[in-house]
Amino acid sequence: MVSSLDGFIAKKDGSVSWLRSTDYYSKGKSLTAEEMEQFNASIDCYVMGSRTYQHALELGWPYGETPVVVLTHRKLSSDRKNIKFSAKDPTALVNDELKSKFKNIWMVGGSKLAKEFLRLDLADDIVIAFMPILLGDGLLFFDFIGKEQRLHLKDVTAYSDGMVELWYEIKN
Ligand SMILES: NC(=O)c1ccc[n+]([C@@H]2O[C@H](COP(=O)([O-])OP(=O)(O)OC[C@H]3O[C@@H](n4cnc5c(N)ncnc54)[C@H](OP(=O)(O)O)[C@@H]3O)[C@@H](O)[C@H]2O)c1
């Protein structure tokens with residue numbers, strides 16, 4: 001999840017220009033196109049809510065041919081063969097269907113679905129990247145998951161555009 005420092009993952013109007021930082025941090029890491037490709041290739045399946053799916057379509061589909069499961073209660077359809085729509089209970093979807101097929105499953109978001117996955121103990125790790133901005137308002141990632149969860153910090157990476165990524169394992 002990419003977040004502003006004040007915890008918002010999307011602006012109220014849905015605009016995403018804030019995701020492109022103009023900051024510069026001299027000690028930060030710069031990712032090469034090859035490293036980004038390798039990272040994307042390590043993901044076996046994406047899961048997302050229907051609003052995130054529709055937003056991704058508007059912005060230009062970034063998930064290529066990797067399998068994607070979109071959770072929705074509506075009858076949506078796509079010409080892309082790698083996109084599947086599901087209204088399954090998330091626990092059944094992950095444990096009975098996806099876990100046996102895919103090793104690295106990436107829950108893209110948005111806020112609604114990410115919170116549901118955390119509440120239902122379906123996530124192993126949380127990767128949150130803070131952009132150097134305060135948005136002041138918008139869609140919060142971390143409001144009221146409703147329970148306490150201990151985390152183990154696995155990695156921290158600061159990037160040259162001022163983004164700081166924290167990688168946590170959820171200790172259940
Ligand atoms: N900054 C980031 O890293 C980041 C990452 C991801 C998304 N986002 C942004 O977050 C925003 C969307 O987030 P959001 O919280 O509004 O929506 P969302 O989580 O993407 O989608 C919510 C929708 O998914 C469907 N859904 C949720 N749980 C379900 C379940 N258990 N079974 C079946 N369907 C289910 C419902 O849609 P139906 O009405 O279709 O049933 C629900 O309204 C977008 O602006 C997106 O760009 C930001």
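This is a predicted model: local features need pLDDT of at least 70, side-chain atom pairs count only at pLDDT 80 or more; totals for chains, interfaces and linings use all residues.
Visitor: What makes S1 and strand S7 a pair, and in which direction do they run?
Guide: Two strands pair if DSSP finds at least two bridges between them. Here 3 bridges join S1 to strand S7 (residues 125-131), so the pair meets that cut-off. The two strands run parallel. Val2 stands opposite Ala129 in S7. Strands are DSSP runs of E, at least two residues long, and helices are runs of H or I, at least four, both numbered from the N terminus.

Visitor: Why are S5 and S6 called edge strands?
Guide: Their sheet is open, with 4 strands in the order S5-S4-S3-S6 and parallel pairing. Strand S5 (83-86) and S6 each have a single partner strand, so one side of each lacks a neighbour in the sheet. The twist averages 25° from one strand to the next. Angles run from 0 to 180 degrees between N-to-C directions of axes fitted to C-alpha atoms, for helices over the stretch in contact.

Visitor: What makes S3 and S4 partners?
Guide: They share 4 bridges in the parallel sense. Met48 stands opposite Val70 in S4.

Visitor: What makes a set of residues a nonpolar core?
Guide: The members are buried Ala, Val, Leu, Ile, Met, Phe, Trp, Tyr and Cys residues, joined through C-beta atoms within 7 Å. Buried means 20 or more other C-beta atoms within 10 Å of a residue's own, with C-beta atoms placed from the backbone. The largest such core has 18 residues. Val47, Met48 and Met107 are among those with the most contacts inside it. S4 gives the largest share, 4 residues. Nonpolar side chains tend to be buried together in soluble globular proteins.

Visitor: Which residues does Met107 touch?
Guide: Contact means C-beta atoms within 7 Å, placed from the backbone. Leaving out residues up to four places away in sequence, Met107 touches Val47, Leu113, Ala114, Phe117 and Ala123.

Visitor: Which strands does H4 lie across?
Guide: H4 lies across S3, S4 and S6, at about 135° to S6.

Notes
Residues are numbered from 1 along each chain as its sequence is written. A residue is buried if 20 or more other C-beta atoms lie within 10 Å of its own, exposed if 12 or fewer, and partly exposed in between; C-beta atoms are placed from the backbone. Two residues are in contact if their C-beta atoms, placed from the backbone, lie within 7 Å.
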